[in-house]
Amino acid sequence: MDARIDRSELLCSGKFLAYKKIYYTDAKGVARHWEAVDRTGSTGEAHAVFIVAKIVPDNEIILVRQFRPPAGKLMVEFPAGLIDPGESAETTAIRELYEETGFEGKVLYTTEGGFSSPGMTGESIVLAAMEIDGSRYPQCMLPGNHQEECENIEVFRVKIDALADFVAQMEAAGCGIDSKIYTALAFRAFQW
């Protein structure tokens, strides 16, 4: 027998998130329930995009730091944002990179929506790999960003070879690190 969702009960909903109880039958035929949080208006398609943007030929990536209330601290992350209704992941990536960092780049590829914390949420997020023409942005230059009024995002150009040191500095400063960055470090350590 395959596991299946039997029904879902909305417990509470806000502007961006919905808290629900999911009733399901597991693979052994046992009825169970699970609590989860989802994006409001969830349609089963990808909800957000995160951007791995490389500045070429400078061999740098773009990272951002911002306060995240659920974590209760400054978080170091890849640039990211929600996909607006009717917008493609590619369009969102281009828009969010520009809004959050001021950089303009081209999308090399996007993935299907993946799940970063499937034990807590059904939110799916697309990876957009982007390339930024470094000749437009001299080394160490940070173009002005175009953030929303509620955002206070710091932008960092980080040499790929110095990523581990940068992360260690941010950890020492008390920042949280998005797990996707730790994944990138593991891939570098394994030389994949």
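## Basis of the description

A residue is called buried when its relative accessible area is under 20%, exposed when that area is over 50%, and partly exposed in between, with a 1.4 Å probe and protein chains only. The model is predicted, and local features therefore need pLDDT of at least 70 while side-chain atom pairs count only at pLDDT 80 or more, whereas totals for chains, interfaces and linings use all residues. Residues are numbered from 1 along each chain as its sequence is written, and side-chain values rest on heavy atoms, without hydrogens and water.

## Cysteines

With 9% relative accessibility, C175 is buried. C12 is partly exposed, at 47%. The whole structure contains zero disulfides, a disulfide being a pair of cysteine sulfur atoms within 2.5 Å.

## Salt bridges

A salt bridge is taken as a side-chain nitrogen of Lys or Arg within 4 Å of a carboxyl oxygen of Asp or Glu. The structure holds 16 of these salt bridges. One of them joins the side chains of D38 and K20, at 2.7 Å from N to O. This pair connects distant parts of the chain, as D38 belongs to strand β3 (residues 31-39) and K20 to strand β2 (residues 17-25), 18 residues apart. Strands (E, at least two residues) and helices (H or I, at least four) are DSSP runs numbered from the N terminus. D38 is buried because its relative accessibility is 8%, and K20 is buried at 19%.

The side chains of R32 and D26 form another salt bridge, at 2.6 Å from N to O. In this pair R32 is partly exposed, with a relative accessible area of 40%, while D26 is buried at 12%. A network of salt bridges links D84, E87, R95, E96 and E99.

## Helix α3 and the surface

The side chains of D161 and R188 also meet in a salt bridge, at 2.7 Å from N to O. Here again distant parts of the chain are linked: D161 lies in the loop between β11 (154-159) and α2 (163-172), R188 lies in helix α3, and the two are 27 residues apart. D161 is exposed at 61% relative accessibility, and R188 is partly exposed at 41%.

Helix α3 (residues 179-189) also contains F187, which is partly exposed with a relative accessible area of 39%. Together with F190 and W192, F187 forms a nonpolar surface patch of about 420 Å² accessible area. Such a patch consists of residues with over 30% relative accessible area and no salt bridge, where nonpolar side chains (Val, Leu, Ile, Met, Phe, Trp, Tyr) are joined within 5 Å and like charges within 9 Å; the areas come from the Shrake-Rupley method with a 1.4 Å probe, and for residues only the protein chains shown count as cover. W192 is placed in the segment after α3 and is exposed at 70%.

## The second largest pocket

Helix α3 contributes the most, with five residues.
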